[in-house]
Amino acid sequence: VRSRNLEHVLEEVRTLAASGYKEVVLTGIHLSSYGIDTGESLLELIQKVHEIDGIKRIRLGSLEPRIITEEFASSIAVLPKMCPHFHLSLQSGCNATLKRMNRRYSAEEYMEKCDLLRKYFHNPALTTDVIVGFPGETEQDFEDTMDVVEKVQYDSAFTFIYSKRTGTPAAAMEDQVPEEVVKERFDRLLKRVQEISAEKTQAGAGVVEDVLVEDVNKQETGYVTGRTARNYLVHFPGDASLIGTIVPVRLCESKGFYYYGKQCEQ
C-alpha cells in the first residue's frame with residue numbers, strides 16, 4: 001500500500017474548490033487502507049477535506065467491509081458534506097467462496113457492516129459488486145449470494161460473470177463451473193438486482209432532493225442531468241448555466257434506475 005501525502009491531497013482539493021468544483025470523490029485501489037503506511041487514516045482525511053470551504057459533497061470510492069466500525073460510521077455520519085452512498089464490494093455471499101477468493105470477511109460480518117451504516121445514516125444508498133461462477137461455486141453457494149442480495153436490498157449492483165484468466169490462482173482451481181450454468185445463475189441474479197433497484201427508485205418518487213448538475217442532457221434538448229447525494233441520476237428541464245450548481249429537484253417520475261424531475265423554487 002502506498003498512500004498519497006495527506007497534505008498533497010488537501011492541496012488538490014483546495015485547488016478544485018477554488019475552481020468551482022462542489023463534489024470530490026476519495027478513491028483508490030485499497031481505499032480502506034489509506035494511511036496505513038503513513039500513520040494517518042481515511043477518517044482523518046475525510047474530516048480534513050470536510051473543513052475545506054467550497055466543497056459541498058464528499059463521496060467515497062469502493063470500501064472494504066472491515067473499515068465500517070462503530071467509530072468510523074458514527075464519525076462520518078455527523079459530517080453534513082458526507083454523501084450517504086457507500087459501495088461495499090460483496091463478491092460472494094458464500095463463506096466458502098469468499099475464502100477461496102482470499103476475502104477476509106464472512107457474509108455475516110458483511111451484513112453487519114451494512115446494518116451499521118443504516119444505523120447511523122438515514123436511508124443510505126448501498127451498492128456493491130457480485131461475481132457469479134467462481135471456481136467451486138455450487139448451486140447452494142449461489143443461493144447464499146442471492147440470500148445476501150435479498151437481505152441487504154442494494155440500490156444497485158455491478159454483476160459480473162467469472163472470467164478465467166491464465167496465470168491467476170483461480171484459473172488453476174478445480175471445479176470450474178460450466179458456462180451454461182454460470183449464465184443461468186447470472187441471469188437470475190441480474191433479474192433480482194434490477195427488480196430491487198427499480199423498487200427502491202420507485203419508493204423515492206415524489207420527494208425533493210438536492211441535485212448537483214453535471215451536464216446538459218445529450219439525448220433530450222432542454223434538459224440537464226445531475227446526481228443526488230445518494231448517487232441517483234436525475235434528468236430535469238434546465239440549461240448549461242446550471243452546470244456545477246446544486247439545486248432542489250422534485251423527483252417526479254421513476255424510470256427504474258433514474259428519475260425525471262422538476263426544479264423547485266429556491
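Is Glu195 buried, partly exposed or exposed? Glu195 counts as partly exposed because its relative accessibility is 29%, where buried means under 20% relative accessible area, exposed over 50% and partly exposed in between (1.4 Å probe, protein chains only).

The model is predicted, so that local features need pLDDT of at least 70 and side-chain atom pairs count only at pLDDT 80 or more, while totals for chains, interfaces and linings use all residues. Residues are numbered from 1 along each chain as its sequence is written, and side-chain values use heavy atoms, with hydrogens and water left out.

View 1. Lys191 is exposed, at a relative accessible area of 52%.

**View 2. Arg185 forms a salt bridge with Glu137.** Their closest N and O atoms are 3.0 Å apart, and the pair links distant parts of the chain, with Arg185 in helix α7 (residues 179-203) and Glu137 in the loop between β4 (125-132) and α6 (139-152), 48 residues apart. Arg185 counts as buried at 6% relative accessibility, and Glu137 counts as buried at 5%.

**View 3. Arg66 forms a salt bridge with Glu64.** The closest N and O atoms are 3.0 Å apart; Arg66 is partly exposed at 46% relative accessibility, as is Glu64 at 27%.

Conventions: Salt bridge = Lys/Arg side-chain N within 4 Å of Asp/Glu carboxyl O. Helix = DSSP H or I, 4+ residues; strand = E, 2+ residues; numbered from the N terminus.
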